[in-house]
Amino acid sequence: YMLIRTGPANTVIKYMVVGILAFIPMGLLYLRIKSCQLKKRELYLLLLFPLLFQLTLLPSSPEMSDDIYRYIWDGKVQVNGISPYLHAPDSVELTHLHSENLPSRVNFPDIKTIYPPLSQILFSLSYLLFGESLIGLKFCFILFNLCCSLVLLSLLHQLKRPLALLLPIIWNPLIIMETAINGHLDVVMLLFTMAGILYFYKCRYIAAGILFALAIHSKLIPVVLLPVLIWTLLKQKKIKALIRFSIPFIITNAFLFLLYIQTVGTMFNTAHNYASQWYFNNPIFYLIMTFVPDNQQAHLVSFLLLSFLLLILSLANIQKELKLFLIILGFILLNPTIHPWYLILLLGLSPLFPTHAVFLWSMTVFSSYTVVHIYKLTGIWQDSVYQLLIQYAPLILLLGWQLRIRWLKRTSVLPG
């Protein structure tokens, strides 16, 4: 990727082509080792190479997304003694903090930040250490990704699954490129979510409660997993375990919110604005809009469908591994906006329900960046029917086939 030189007009094409082609060696390597017992040296190499891949990509510019500039801006504001939730980046109150890149490169500078307290702490620490350096913050995310690889390794041990299942996750070009090139913080959320699941499986509920609170304060998405965990403990009549999980979870949440208590409410306003107006790359939402043309009403319908799905899955008589996987899958598919990096959490959950469909989707989702390419050329932001078909037709067919086989056999992929 770093050796290929292109003009600004073809940067997106380069990103898509390299990302898609990189799946070929990953897939071939997985096919070679999937039935092998990995030795320690092979396992170390399995962990080392993704780290090297990401380090080589650190100098690259985040051409597909400018979220990282918001992260650094939020950190800069905090280091200067101002809550990141108090003002939008273009507010006159923050004019004295302006620099060459910030906040001019922040997307939607008229909107206040949406990122929860733990993310804000990470942003401020990164700014203290590295200033406005993109490389510095991306290096932090790479370290989180490395820790996540170790957690996933422990989870595979806990579930007695083949360690080769780690390769399609940590070698996945989507995770590597969205972390090391675009600098998305989803690996932070993934680390705490998977660590929380790991400790939940180990019946270490105090640690699990703390970790899930940290996951939610990285990005809000993991909150949708809580009903499954709580219902699992209630169904098993583990009241003491539920208390040991809930109290640390509540205390950790309260502590992090208290750090920004006077201004954090604006985060929920921004989240509501995002969840009720924006949409991108979601054929299910477009189908809803054919029947409910009003944008906000269509968002409401999508939210109600998601709520109904979460309720059904939480109470369904299926294994919790499949529940956790399907809830995140359902959340993504019923979220009106599906950016490629949203799949990172789903990929991390794949040891719970191994499926080729998700890995294929993590490849075909690169096609959604054609919208970015056309936008840079014409100024028009519009989804293409063809790229939607490329993404979702294989996903629906493969996932539907696997779920049908599972239903017919009525057997478990993983131990309950």
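Buried means under 20% relative accessible area, exposed over 50% and partly exposed in between, with a 1.4 Å probe and protein chains only. This is a predicted model, in which local features need pLDDT of at least 70 and side-chain atom pairs count only at pLDDT 80 or more, while totals for chains, interfaces and linings use all residues. Residues are numbered from 1 along each chain as its sequence is written, and side-chain values use heavy atoms, with hydrogens and water left out.

**View 1. Helix H18 spans residues 356–364.** Helices are DSSP runs of H or I with at least four residues, numbered from the N terminus. Among the buried residues of H18 are Ala357, Val358, Phe359 and Trp361.

**View 2. Glutamate 63 and lysine 376 meet through their side chains in a salt bridge (3.7 Å, N to O).** Such a bridge is a side-chain nitrogen of Lys or Arg within 4 Å of a carboxyl oxygen of Asp or Glu. The pair links distant parts of the chain, 313 residues apart, with glutamate 63 in the loop between H3 and H4 and lysine 376 in helix H19 (residues 370–378). Glutamate 63 counts as partly exposed because its relative accessibility is 31%, and lysine 376, at 40%, is partly exposed as well.

**View 3. Aspartate 186 forms a salt bridge with lysine 219, with the closest N and O atoms 3.2 Å apart.** Aspartate 186 lies in helix H9 (residues 186–201), whereas lysine 219 lies in the loop between helix H10 (205–216) and helix H11 (226–235). Both residues of this pair, aspartate 186 and lysine 219, are buried.

Methods: Helix = DSSP H or I, 4+ residues; strand = E, 2+ residues; numbered from the N terminus.
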